[in-house]
Amino acid sequence: QVQLVESEGGLVQAGGSLRLSCAASGSIFTIRAMGWYRQAPGKQRELVADIRSGGSTNYAYSVKGRFTISRDNAKNTVYLQMNSLKPEDTAVYYCNADIAPEWGQAEYTYWGQGTQVTVSS
């Protein structure tokens with residue numbers, strides 16, 4: 001069984017910073033990609049950033065230059081450093097990961113439980 005456990009989000013003022021982490025545990029053979037999504041009230045879940053096993057990254061246009069995604073492969077952990085936060089960044093943030101539980105098995109996409117990030121103006 002694979003689990004993704006996210007760190008707590010929080011309340012921060014506009015212009016502030018916050019760092020999220022998400023650790024994968026359980027039966028893990030390989031993790032191909034890890035990422036962060038967010039969902040604001042009344043809106044669809046959207047990709048924030050993702051990172052491949054080789055280190056290549058992809059960001060939503062709205063967070064480029066402000067957010068940085070990174071991962072520690074030895075710890076099966078992905079991080080999201082969020083700087084210059086804006087009220088429109090307020091959302092529930094979810095991490096996900098494409099994981100093959102054992103050699104020869106197909107990859108599945110697993111999700112964290114979500115963590116609330118609120119940015120006050």
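Strands here are DSSP runs of E with at least two residues, and helices are runs of H or I with at least four, numbered from the N terminus. With that in hand, the fold of this predicted model is quick to read: from the N terminus on, the elements run β-β-β-β-β-β-β-β-β-β-β. That amounts to 11 strands and 0 helices in the chain.

**Overall build**

The radius of gyration is 14 Å, close to the 14 Å that the globule rule gives for 121 residues, so the chain is as compact as a globular protein of that length. The C-alpha trace spans about 50 × 25 × 25 Å along its principal axes. Buried residues account for 40% of the 121 residues. If you look at contacts between residues at least 6 apart in sequence, 57% of them join residues at least 24 apart. The chain exposes about 6600 Å², and carbon and sulfur atoms supply 46% of that area.

**Salt bridges**

Searching the whole structure gives 5 salt bridges.

| Pair | N to O distance |
|---|---|
| Arg-32 and Asp-98 | 3.1 Å |
| Arg-38 and Glu-46 | 2.8 Å |
| Arg-66 and Asp-89 | 2.7 Å |

Arg-32 and Asp-98 meet in a salt bridge. Arg-32 belongs to strand 4 and Asp-98 to strand 9 (residues 91-100), so this pair ties together parts 66 residues apart in sequence. Arg-32 is partly exposed at 34% relative accessible area, while Asp-98 counts as buried at 14%.

Next come Arg-66 and Asp-89, which form a salt bridge. Shared partners join Arg-38, Glu-46, Arg-66 and Asp-89 into one salt-bridge network.

The whole structure holds 1 aromatic pair. Tyr-37 and Trp-111 form it edge-to-face, with 5.1 Å centre to centre and 65° between the planes. Tyr-37 sits in strand 4 (residues 30-39) and Trp-111 in strand 10 (residues 108-111), 74 residues apart. Tyr-37 is partly exposed at 23%, and Trp-111 is partly exposed at 36%.

Definitions and conventions: Residues numbered from 1 in each chain as written. Predicted model: local features only at pLDDT ≥ 70, side-chain atom pairs only at ≥ 80, totals over all residues. Heavy atoms only, no water. Phe/Tyr/Trp six-rings, centres within 6.5 Å; stacked < 30°, edge-to-face > 60°. Buried < 20%, exposed > 50% of the residue type's maximum accessible area, 1.4 Å probe, protein only. Rg over C-alpha atoms; globule rule 2.2 N^0.38 Å. Contact = heavy atoms within 4.5 Å. Areas by Shrake-Rupley, 256 points an atom, 1.4 Å probe, with all protein chains shown as cover. Salt bridge = Lys/Arg side-chain N within 4 Å of Asp/Glu carboxyl O.
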